[in-house]
Amino acid sequence: MRLQISELNEPDYPRASEIVAESVRAFWSDHYDPTVIETVVEQNTPERISERSLRQEDYLARQGGRAVGYAAVKQNEIGHLFIRPDAAGQGVGAALVAYCNEVIRQGGYDTAKVYASRPAIEFYAKQGFLADGEKSFELKPGVFLDSVLMTRPLGD
Ligand SMILES: CC(C)(COP(=O)(O)OP(=O)(O)OC[C@H]1O[C@@H](n2cnc3c(N)ncnc32)[C@H](O)[C@@H]1OP(=O)(O)O)[C@@H](O)C(=O)NCCC(=O)NCCS
């Protein structure tokens with residue numbers, strides 16, 4: 001099915017929010033504590049996505065018109081990459097990463113970076129990213145999300 005990637009606009013904030021919730025509940029349950037997962041869901045309501053949109057560029061991937069993936073770029077960092085579970089394994093994540101890499105390259109940067117969640121490390125390695133350290137984010141008091149900093153040179 002044809003994949004389209006475009007800027008995320010306000011009418012689609014609820015779609016992006018749903019994608020995050022479905023994705024973390026499906027993909028993170030073997031890797032993170034339920035408190036971490038539900039905190040990420042709480043921090044990705046349409047209202048929170050709207051607030052963040054002032055500080056980053058958000059993108060939505062649609063397959064046959066249906067919203068299936070969400071990603072964001074802030075300076076040279078890719079963030080908030082989430083794919084709907086029933087659309088996973090079809091190249092949507094890889095296409096969003098390639099799109100974000102191009103946005104970053106056009107922004108004048110020669111390296112892209114991402115703080116990868118544990119279950120996404122191998123996925124990012126397949127997209128050419130190399131591990132470059134660890135970082136734990138305190139999502140709210142006492143709730144920590146462990147991640148791995150990964151970087152990828154973008155070339156000319
Ligand atoms: C990680 C994630 C973005 C992958 O998205 P996806 O659309 O299923 O990935 P793709 O279909 O584009 O896969 C591209 C390649 O990575 C591989 N891949 C995908 N997910 C993988 C995983 N969890 N572990 C290892 N390899 C993976 C695919 O097999 C494919 O390999 P190939 O190029 O050899 O065919 C998706 O599983 C997801 O949303 N996870 C939960 C949220 C998350 O952790 N996001 C990252 C936050 S930093």
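How far is a nitrogen atom of the ligand from a polar backbone atom of Pro119? The distance is 3.1 Å. Welcome to this predicted model, where the ligand sits in the largest pocket. Taken alone, the ligand exposes 900 Å², and the protein buries 72% of that.

**Who surrounds the ligand**
- The shell around the ligand has 23 residues, and those that come nearest are Leu81, Gly91, Gly93, Ala94 and Ser117.
- Sorted by class, this shell is made up of 14 nonpolar, 7 polar and 2 charged residues.

**Backbone atoms beside the ligand**
- Gly89 has a polar backbone atom 2.8 Å from an oxygen atom of the ligand.
- For Ala94, a backbone N or O atom is 2.8 Å from an oxygen atom of the ligand, and Ala94 is also among the residues that come nearest.

**Helices and strands that build the shell**
- At least two shell residues come from each of these elements: helices H1 (13-27), H4 (92-106) and H5 (121-126), along with strands S4 (77-83) and S5 (111-117).
- Helix H5 gives the most, supplying 4 residues.

**Salt bridges**
- You can find 10 salt bridges in the structure.
- One of them joins the side chains of Arg25 and Glu38, with 2.7 Å from N to O.
- Because Arg25 belongs to helix H1 and Glu38 to helix H2 (residues 34-42), this pair ties together parts that are 13 residues apart in sequence.

Key. Residues numbered from 1 in each chain as written. Predicted model: local features only at pLDDT ≥ 70, side-chain atom pairs only at ≥ 80, totals over all residues. Heavy atoms only, no water. Near = heavy atom within 4 Å. Polar contact = N/O pair within 3.5 Å; in protein donor to acceptor, adjacent residues only side chain to side chain. Areas by Shrake-Rupley, 256 points an atom, 1.4 Å probe, with all protein chains shown as cover. 1 Å grid on protein atoms, 1.4 Å probe; cavity = no way out; pocket = protein on both sides within 12 Å on 5 of 7 lines; lining within 4 Å. Sits in = over half its atoms within 2 Å of the grid points. Nonpolar A, V, L, I, M, F, W, Y, C, P; charged D, E, K, R; others polar. Salt bridge = Lys/Arg side-chain N within 4 Å of Asp/Glu carboxyl O.
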